[in-house]
Amino acid sequence: MDTSLANRLAARDLAVVWHPCTQMHDHETLPMLPVARADRAWLHGHDGRRYLDAVSSWWTCLLGHRHPRIVAALKDQLDRLDHVMLAGFTHEPAIELAEELVRITPAGLERVFYADNGSSAIEVALKLSFHYWRNVGRGERTRFIALTGGYHGETLGALSVTDVALYRETYAPLLLEPLFAPSPDAYEALPGEGAAGCARRRLGELRALLERHARETCAVIVEPLVQCAGGMRMHHPDYLTGLRLLCDEFDLHLIADEIAVGFGRTGSLFACEQAAIAPDFLCLSKGLTGGTLPLSAVLTTRRIYEAFYAEYSAGKAFLHSHSYTGNPLACRAALATLQVLRDEPVLERNRALAAHLAARLAPLADHPNVADVRQAGMIAAIELVQDRRTRAPFPASERRGLRVYRHGLDRGAVLRPLGNVVYFMPPYCITPDEIDFMVEVAAEGIDLAIT
Ligand SMILES: Cc1ncc(COP(=O)(O)O)c(C=O)c1O
């Protein structure tokens, strides 16, 4: 144990590094945690302690840290080709990965456009949708419909279709002006309505919005099944089925943002499968490389691709590039991740782990300060409130979630609540014993946070 090294690193960090999504002042009292290495579900700190990564390092680390097959693939790729621009050049990892993504995603998605991270995938999908309509002579279509409570990233386009006040409010004057349709969030279901009834009602409201605005709208963007950063709010798959039908009826694109929920998180390989739908654009990132390197992909249909295909470009070709588009190392990491998902019964194992997690969480449903315990596969969330009968939320300024976070670190678990929502999104390699530990620490943290 070398706490002095950890302290020195934390002090050097605070002198130069500006951290994401962080009020740096908070770290005057909560030291930054320098991580030396990681394996499986655990982060090992320079302080000699280990921390269970219950949130998969911002939902990226799908299979566990340093999965041996991903590490081997990366080492092999480093000895062959580090990087080459993807304009005018190509390479096997980019081709193979595109072929594999087309094979495993819902039918009809036949073309793959690479980008670097989740937000840039959203930028790509928004631009592609707008540009498609322009190319087919419908340039009056310039707006997007997004859902309340949705999150799609923090670059300006992605933030425009995000409805989480924390991220959006400050920058609102800089943003596009989408239309927001009410979320089918089952937590907001009316008494006796249930998740399916709530989905139906919200589809009715969306229809009314489309009747007024479809002519100026390019696409509807949705996080299928779980609105993650908005508080792990979940909805019934019927909403997605109905949404697909509405997009067809009004001739709009459907953009499915599976950046957080793709690759098995909700129980099926892709969340859209649970509604038996295929979107016009499917955005993937995060778990795509098993949490090793930044990469994203936008899949789309032949019809959309063909609207950009022309002998003389004249503004038809899609103009979007990042220097590291389709980086070979990232593509190899993604291929290795997909090979593990193909060769091993990962989703089957997840079903057993998800059932174990549900059983451990069940007693919390009766807690006087818990309004809801919800779960979709390997995502589970606990909604902390002042009083479970009224569901009155704790004021954000009280930062109850932060107390759970701090307690987690004291006990050796990374729980990073979203406001007053304590959630779990662990790597798929987590064991039942580790789940027990994770839930035990969260339950203790909740008791501390409410007093
Ligand atoms: C659903 C969803 N879309 C987009 C993003 C943005 O991804 P990135 O943080 O890689 O830009 C996130 C990130 O949390 C996300 O959860």
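Welcome: the chain folds into 14 helices and 15 strands, where helices (H or I, at least four residues) and strands (E, at least two) are DSSP runs numbered from the N terminus. The model is predicted, so local features need pLDDT of at least 70 and side-chain atom pairs count only at pLDDT 80 or more, while totals for chains, interfaces and linings use all residues. Residues are numbered from 1 along each chain as its sequence is written, and side-chain values use heavy atoms, with hydrogens and water left out.

**Overall shape**

- The radius of gyration, taken over C-alpha atoms, is 22 Å, which agrees with the value near 22 Å that a compact globule of 451 residues would have; the globule rule is 2.2 Å times the number of residues to the power 0.38.
- Along its principal axes, the C-alpha trace spans about 65 × 60 × 45 Å.

**Around the ligand**

- The surrounding residues (a heavy atom within 4 Å) are W59, N117, G118, S119, Y151, H152, G153, E223, D257, I259, A260 and K286.
- By class, this shell has four nonpolar, five polar and three charged residues; Ala, Val, Leu, Ile, Met, Phe, Trp, Tyr, Cys and Pro count as nonpolar, Asp, Glu, Lys and Arg as charged, and the others, Gly among them, as polar.
- Polar contacts here are pairs of N or O atoms within 3.5 Å: a ligand oxygen lies 2.6 Å from a side-chain N or O atom of S119, and a ligand nitrogen lies 2.6 Å from one of D257.
- The side chain of K286 has an N or O atom 3.0 Å from an oxygen of the ligand.
- Of the 390 Å² of accessible area that the ligand has on its own, the protein covers 83% (Shrake-Rupley method, 1.4 Å probe).

**The second largest pocket**

- A pocket is an open set of points on a 1 Å grid where a 1.4 Å probe fits, with protein on both sides within 12 Å along at least five of seven lines.
- This one has a volume of about 820 Å³, the space filled by probe spheres set on the points.
- Its lining (residues with an atom within 4 Å of a point) holds 26 residues, with L86, V112, F113, Y114 and Y305 nearest the centre.
- Two or more lining residues come from each of α4 (92-104), β4 (109-115) and α10 (302-306), and β4 gives the most, with five.
- The lining divides into 17 nonpolar, seven polar and two charged residues.

Methods. A polar contact is a pair of N or O atoms within 3.5 Å; within protein, one must be able to donate a hydrogen and the other to accept it, and residues adjacent in sequence count only if both atoms are side-chain atoms.
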